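Please look over the sequence and the 3D structure below.

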Amino acid sequence: MLAIWFSHRDRSEPANVSAEALPTASVAPVVRASISHSLSLAGEFQPYQVVDVHAKVSGYIRHIYVDIGDKVHAGETLAILEVPELNAQAQGTVAEYARSKDEITRAQHDVVRAQSENQAIHADYMRLKQASAGQPGLIAEQELDDAQAKDLSSAAQVDAAKSALAAAEKQSAYADADNLRVHDLEAYTNVTAPLNGVIVWRYADTGALIQAGTSSDVQSLPVVRLSQSDLLRLRLPVPEDAVRFIHEGDEVQVRVDAVNRTFTGKVVRFTRNVSTDTRTMETEIDVPNKDLTLTPGMYANTTLQLEHHNNALTIPIQAIEQNGNQTSVLIVDARNRVQPRTIQLGIESSSRAEVVSGLEEGDRVITGGQSNYQQGEKVRPQMAEEAGEGK
């Protein structure tokens with residue numbers, strides 16, 4: 001609305017003019033109040049997490065226990081696969097592990113036997129050597145050399161037996177690891193839920209062949225799609241000029257018309273990046289949804305409080321006039337005459353605006369029909385009904 005100022009003229013009324021004959025002006029006082037600058041945005045609820053549940057191994061579905069809409073808990077069995085060759089492989093690894101344990105036992109016995117033989121041969125050699133030293137020439141040198149060679153050979157056999165034992169133990173450890181690996185794969189035939197959620201889609205039925213989710217050369221088919229809906233993300237596109245006011249923990253009023261529900265949320269994360277296409281920043285609010293009242297895809301109308309000032313001078317929005325870069329109001333002075341005032345505004349709510357300069361507490365501002373009044377004109381002020389503080 002453009003303010004139209006008329007040149008000042010003397011409009012002194014005769015003494016016999018009654019107050020009822022004066023034009024009425026709807027006015028509101030300049031008051032101190034708390035005021036907030038808020039931003040209204042529409043957002044869409046999204047699941048906190050969505051995951052396609054794949055099988056770790058390939059196989060046929062023997063049983064599938066869930067369908068769309070079913071609520072499941074983390075660790076709950078969704079389907080069981082039939083993989084006969086994996087069962088046979090598991091039995092083979094069990095047998096191989098048992099055989100490796102037997103090999104360790106045999107190698108241990110070989111070590112004991114080699115050590116016993118070495119002790120006896122070494123004792124014979126030491127006796128011959130002592131006898132030869134006591135009576136030189138009593139024992140032939142050839143006999144001593146043969147005894148020493150047998151002693152060294154038996155010691156080497158002990159080392160060889162110990163090496164064979166170590167190899168058997170390593171082979172047993174490998175067989176044990178292979179057995180665990182195959183049994184872990186066998187456990188993967190039991191497809192379980194990785195998180196609490198709702199089944200939003202089922203891709204396979206009983207008897208369907210499911211490829212392993214780790215296969216890179218085939219397009220593996222998931223078993224189900226699982227959505228975590230007990231906690232939802234509400235994403236809001238915050239305009240570029242409001243980005244500086246967004247902080248983690250800021251309160252947000254959320255209205256969901258689909259369920260006729262209003263609640264208070266908090267900003268938990270934002271991208272810290274303005275999209276070059278929309279000039280907005282994605283901002284998220286986490287919304288608890290334990291009873292699953294809210295459904296992903298629903299819209300919500302939100303109000304973000306960007307700024308808040310306490311004890312601020314405020315006036316109704318209807319009192320403000322813009323003329324180019326100049327902001328002004330009409331006031332009714334102590335003599336009930338209309339006077340223009342240039343003002344400077346601070347933050348605005350839906351119904352009121354903060355006045356930084358140009359007015360004082362208790363001033364009366366005209367709240368409508370400003371073009372009907374002239375500067376200096378005497379009026380009969382009438383207090384307007386308050387529309388609220390617009391906090």
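Ser132 has its place in helix 1, residues 84–134. Helices here are DSSP runs of H or I with at least four residues, strands are runs of E with at least two, and both are numbered from the N terminus. Ser132 counts as buried because its relative accessibility is 12%. The word buried means under 20% relative accessible area, exposed means over 50%, and partly exposed lies in between, with a 1.4 Å probe and protein chains only. Leaving out residues up to four places away in sequence, Ser132 touches Ile139 and Leu144. Such a contact means heavy atoms within 4.5 Å.

The model is predicted: local features need pLDDT of at least 70 and side-chain atom pairs count only at pLDDT 80 or more, while totals for chains, interfaces and linings use all residues. Residues are numbered from 1 along each chain as its sequence is written, and side-chain values use heavy atoms, with hydrogens and water left out.

**Other single residues**

Thr280 is placed in strand 12, residues 280–288. With a relative accessibility of 15%, Thr280 counts as buried. Its contacts, not counting residues up to four places away in sequence, are Pro237, Val238, Pro239, Asn273, Val274 and Ser275. Thr280 and Val243 are 37 residues apart along the chain, and their C-alpha atoms are separated by 8.1 Å.

Leu22 sits in the segment before strand 1 (24–29). A relative accessible area of 14% makes Leu22 buried. Between Leu22 and Pro381 there are 359 residues of separation in sequence, but 9.5 Å in space, C-alpha to C-alpha.

Which residues have a positive phi although they are not glycine? Leu292 has a phi near 60°, a positive value in a residue other than glycine. Leu292 belongs to the loop between strand 12 and strand 13 (299–316), and at 25% relative accessibility Leu292 counts as partly exposed. Asn336 is not a glycine either, and has a positive phi of about 65°. The loop that holds Asn336 runs between strand 15 (326–332) and strand 16 (338–342). Asn336 is partly exposed, with 23% relative accessibility.

**Strands and their pairing**

The chain contains 2 helices and 20 strands. Two strands pair if DSSP finds at least two bridges between them. An open sheet is formed by 4 strands in the order 6-5-3-8, with antiparallel pairing. Strand 6 (190–192) and strand 8 (209–210) are at the edges and have a single partner strand each, so one side of each is left without a neighbour in the sheet. Within strand 5, Ala79 is the bridge partner of Ile64.

| Strand | Partner strand | Bridges | Direction |
|---|---|---|---|
| Strand 3 (residues 59–64) | Strand 5 (residues 77–82) | 4 bridges | antiparallel |
| Strand 4 (residues 71–72) | Strand 7 (residues 197–202) | 2 bridges | antiparallel |
| Strand 7 | Strand 9 (residues 224–239) | 4 bridges | antiparallel |
| Strand 1 | Strand 20 (residues 380–383) | 4 bridges | parallel |
| Strand 1 | Strand 19 (residues 364–366) | 3 bridges | antiparallel |

Some of these pairs can be followed residue by residue. Val72 stands opposite Gly197 in strand 7. Trp201 has Arg225 in strand 9 as its bridge partner.

**The chain as a whole**

Taken along the principal axes, the C-alpha atoms fill a box of roughly 165 × 60 × 35 Å.

Of the 391 residues, 36% count as buried. Among contacts between residues at least 6 apart in sequence, 78% join residues at least 24 apart. The chain exposes about 22200 Å², of which carbon and sulfur atoms supply 49%; accessible areas come from the Shrake-Rupley method with a 1.4 Å probe, and for residues only the protein chains shown count as cover.
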